[in-house]
Every structure is written in structure tokens, then in C-alpha cells.
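Here's a structure to get to know, one question at a time. Take a look first, and then let's talk it through.

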Amino acid sequence: MDYRIEKDTMGEVKVPADKLWGAQTERSRNNFKIGATASMPLEIVYGFAYLKKAAAYANCDLEVLSKEKRDLIAQACDEILEKKYDDQFPLVIWQTGSGTQSNMNVNEVVANRAHQIAGKVIGEGEKTIQPNDDVNKSQSSNDTFPTGMHIAAYKKVAETTIPGVIKLRNALHKKSLEFKDVVKIGRTHLMDATPLTLGQEFSGYVSQLDHGLKALQNTLAHLSELALGGTAVGTGMNTPKGYDVLVAKYIAEFTELPFITAENKFEALAAHDAIVETHGALKQLAVSLNKIANDVRMMASGPRSGIGEIIIPANEPGSSIMPGKVNPTQCEALTMVCAQVMGNDVAISVGGTQGHYELNVFKPMMAANFLHSAQLIGDACVSFEEHCVVGIEPNHKVIEELLNNSLMLVTALNTKIGYYKAAEIANTAHKNGTTLKEEAVNLGYVSAEDYDAWVKPENMVGNLK
């Protein structure tokens, strides 16, 4: 392999000649061979590209960087955002907890690409753009990584998670309206309860997602606060006056998202409560989605020896040995996603506690787990909507049989003959394997005519639609 020599403050390093990164990236690549597939998410790299471009513009406006250097840095960042150099960011999540090596990876790639844009050959002559003095001007890894993390997290939630959840929410709402007159037996403690409509049941799922979306959206204001401008410990050392506000303004312009500078940079560097808070809302959604998916697969169980109240799409063969078997695979996929998100939340919560004095040192792990969760929830909601929810249909025959066979319809007699007599009817019917009507008449508590008039499931679902 052909190499070139790159230098950093520790000396010379051999770097593959065809790579844009420099000495510090190569050191990290060799020092942290942990988790072969655990690469730093590219969303973080793109977050860095936005902030490096914004920093160049702010530094230029504040007369600490030339226009020529600004434009070279900006063009290199734009090319990164165009995904032209995804293979130039080889570092893993498991590195320094401040993300310094990933910050330098971006600085080095931008600097070397800017050198090429200027018409020069990497490794020959003095660098046109310096990784630390130019690309990293007015910055520290301690404020750039949390900034890149917030940019990536906000974009992922706004562009993937929220649209996916809304898509599923709207499909469930449509089903709740379609099923508003389908009366079925309710269940509490997994046991028979009083009736409700299938539409009412689905409306509960809609409400869960409405509340989850609201919780998620309520966290975005904190997530929009950027640490950039705090530099090493939050004091803003080595930044020109007004830099933090100006650089946040440019980031908001370039991303078209409402980013602002953090009012308190000490909090923004030393704690990542915003990440913990927003991921808490993602966990809430995971809890809701898990309940919804479990309800669907239990209602669809069977098809002949389970509950079988609803029919879900048959997407693929369910067994390599049992012919004709079809499984609730979308429900299983969604619940596995929910388990992963809940696990990620534990890791993020632990990471959030690792803010010692002026710096949290679990940044890469927190960022990676956050992005994982946000992507999974968005994707899983879309998949569950497209391949399951839109195709759900009531099994009217089974619903009616289970409804009419339930002992809990006796609850309608409470106000007519009292709780204890109604309980006697239910217990006797269950013991004898007879119907409620038969035992109600046999015990002499109601006439057949009164029973038919009083025990009507459609009148037991209340006024709530």
C-alpha cells in the first residue's frame, strides 16, 4: 500500500496515500479497534460538516478568517454533506468520550480536501488550510461534538421519527373510525370484561401516539440549544465576541432547523440532559408501540385456536416445517425494536450521569444510541403501518361468538337485580357450561323478555366513540 507522511504534535504518521484523513485519524484508527461494525454514525459527521461550515462563515464575518479560507472550508463541507466522502470517516464509536478523534477526523478531511480544491496535491507543500488553526478555529472538541450530536439528533427526530409515528398514528385513526360500530368483548387482566367497540380500542392506540408525539415535540426546544462557542470548558476562550450567537444563526440557516446558541455553555458541555430528555420521549413511544403491537398480535392469534378477532395481512410463510403457517411478523419486529430502544435508554441514562466537572465523557455512545433509537422507531412505524395496520380487518363471526359467549355481559343486570344476583347467574352459567340467559331465567331473577331487553352488548359501550 502506498503511504504519505502526515504530522501532528506527537510526530510523523504513515497514512494511506489515497485517504483524505490525517495523522490523528490514523492514530485513532489503530488505537481503537473496538467493534468492527461500530462506526461513528455518518449523521454525526454531517452534523460536523454543518457546524464547520457555519464556524468558517462566523469567523470570516468576525474578521478572524479570510474569505478565501472560508470558501474552501465551506466547499469541502458541502461535498461531505453531498455524501461524496463517506468512506473517509473510519473511526469507531468506542474512542475518547469527548469525541476528539472524530472532530479531528472531520478537521483533517476538510483541510486536505480544501488543499485539493485549491489545486494542490495532498502531502506536498504547506497545507492551504490547517486542521486546527483554520477548520477548528474558535472551537474545541468539547463544544463541537455536542453541537454535532444535537444537529444529528434533531434532524433524525424531525425527518425520520416524527413522520414515521404520524404515518402510523393516522392509519390507526382511520381504522378506529372504520371499526366504530364493531362491538366486541373487552378484556382486563387478560380476562373477559364488559364490551366496547373495536374502534374505541384502536382510539386508545391513537391517543397513546398523540401523547408520545407531544412529549417528543416538547423536548425539541432543549435539543435545539447548541454548545458551540463554549470551547474547552464553557467559558468561550479563544472565540471572538458574538461568535456563539452568529455561528448558531448560520447553523440554523444551513440546516433549515431552529437551532439557537445554548444560554449556558457549562450545562451544554458538562451535561447532556437534552439528549436524555428527548430519548426519554422516544422510550415513551417505544412503550406505547410495544403495547399496540402486542394487542394486535394477541387479537389476531390463531387463526383457529387463538382469539382471532382480527385478521392481519399474510406477508410471508411463517414456518419452515408447518405448511400454511402465517405469523405476526410485523408485530414481532416492532416489539423487538421497542426492546432495543428501551435498552438504549438505559445506556443513555448511564451516559448522562458521566458529566464530571466541566465535561461529559460518554458523548459518542450517547449519540450513537440516540440515533439508533430514532431511526428504528421511525422505520418500524412505517413498516408496521404499511405491512400490517392498513390491512387489518375485523373477523366479525369470531367477534360475535366471543362477545355473546362472555359471562361479563351479566354486568348489564347489576342495576336491575343487583351485583350479587348477577354474580350468581354468571358463576352458575360458568359452572354448568350454560348461557347467562338460561341461568338468569332458571334462577327466576329475570324473564327471557327482560333479559333480551336489558342485556344488549351494543348498549353497553357507552357514549365514548
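Helix α7 (residues 198-218) packs with α11 at an angle of about 165°, their axes being 8 Å apart. Keep in mind that this is a predicted model.

Q: Are α7 and α11 roughly parallel or antiparallel to each other?
A: The two helices pack at an angle of about 165°. Anything over 145 degrees counts as roughly antiparallel. So α7 and α11 are roughly antiparallel.

Q: Is the crossing of α7 and α11 left-handed or right-handed?
A: Residues of α7 that join this contact include Leu198, Phe202, Leu209 and Leu216. On the α11 side, Ala281, Leu285, Leu289 and Ile292 are among them. As for the hand, the crossing of α7 and α11 is left-handed.

Q: How many residues of the contact of α7 with α11 are nonpolar?
A: Let's sort the contact residues by class. Four are charged and seven are polar. The nonpolar ones number 13.

Q: Which side chain makes a polar contact with the side chain of Asp295?
A: Asp295 sits in helix α11 (residues 273-299). With 16% relative accessibility, Asp295 counts as buried, because the cut-off is under 20%. At 2.8 Å, its side chain makes a polar contact with the side chain of Tyr205.

Q: Is α2 oblique or roughly antiparallel to α9?
A: Helix α2 (residues 42-61) and helix α9 (residues 243-255) have axes that come within 8 Å and cross at roughly 130°. That makes α2, relative to α9, oblique.

Q: How many residues of the contact of α2 with α9 are charged?
A: The α2 side includes Tyr50, Leu51, Ala54 and Tyr57, while Leu246, Val247, Tyr250 and Phe254 are among the α9 residues. Sorted by class, twelve residues of this contact are nonpolar and two are polar. The charged ones number two.

Q: Are α12 and α13 roughly parallel or antiparallel to each other?
A: Helix α12 (residues 329-352) packs with helix α13 (residues 363-387) at an angle of about 160°, and their axes are 9 Å apart. The hand of the crossing is left-handed. By their angle, α12 and α13 are therefore roughly antiparallel.

Q: How many charged residues does the contact of α12 with α13 have?
A: In α12, Leu334, Val337, Val341 and Ile348 are among the residues that meet α13. From α13 come residues including Phe370, Leu376, Ile377 and Phe384. The class count gives 13 nonpolar and ten polar residues. For charged residues, the count is no residues at all, or "no charged".

Q: Is Glu108 buried or exposed?
A: Glu108 is found in helix α4. Among the residues it touches are Leu20, Trp21, Thr25 and Pro131, leaving aside those up to four places away in sequence. With a relative accessible area of 6%, Glu108 is buried.

Q: Which residue has its backbone nitrogen 2.8 Å from a polar atom of the side chain of Glu108?
A: The side chain of Glu108 reaches two backbone nitrogens worth looking at. The backbone nitrogen of Ala23 is reached at 3.4 Å. The one at 2.8 Å belongs to Gly22.

Q: Is Ser102 buried or exposed?
A: Ser102 lies in helix α4 (residues 100-117). Not counting residues up to four places away in sequence, Ser102 touches Met40, Leu91, Gln95 and Phe145. Its relative accessible area is 6%, so Ser102 is buried.

Q: What is the phi of Ser138, which is not a glycine?
A: Most residues other than glycine have a negative phi. Ser138 is found in the loop between α5 (131-135) and α6 (141-178), and with a relative accessible area of 6% it is buried. Its phi is positive, about 65°.

Q: Where is Thr231, which has a positive phi although it is not a glycine?
A: The phi of Thr231 is about 50°. At 5% relative accessibility, Thr231 counts as buried. Its place is in the loop between β5 (225-226) and α9.

Q: Is the peptide bond from Gly302 to Pro303 cis or trans?
A: Most peptide bonds are trans. Pro303 has its place in the loop between α11 and β7 (310-311). Omega is near 10° for the bond from Gly302 to Pro303, and the bond is cis.

Conventions. Residues are numbered from 1 along each chain as its sequence is written. This is a predicted model: local features need pLDDT of at least 70, side-chain atom pairs count only at pLDDT 80 or more; totals for chains, interfaces and linings use all residues. Side-chain values use heavy atoms; hydrogens and water are left out. Axes are lines fitted to C-alpha atoms, for helices over the stretch in contact, and angles run from 0 to 180 degrees between N-to-C directions. Helices (H or I, at least four residues) and strands (E, at least two) are DSSP runs, numbered from the N terminus. Angles under 35 degrees count as roughly parallel, over 145 as roughly antiparallel, 65 to 115 as roughly perpendicular and the rest as oblique. Contact means heavy atoms within 4.5 Å. Ala, Val, Leu, Ile, Met, Phe, Trp, Tyr, Cys and Pro count as nonpolar, Asp, Glu, Lys and Arg as charged, and the others, Gly among them, as polar. Buried means under 20% relative accessible area, exposed over 50%, partly exposed in between (1.4 Å probe, protein chains only). A polar contact is a pair of N or O atoms within 3.5 Å; within protein, one must be able to donate a hydrogen and the other to accept it, and residues adjacent in sequence count only if both atoms are side-chain atoms. A crossing is left-handed if the near helix is turned anticlockwise from the far one by less than a right angle, and right-handed if clockwise.
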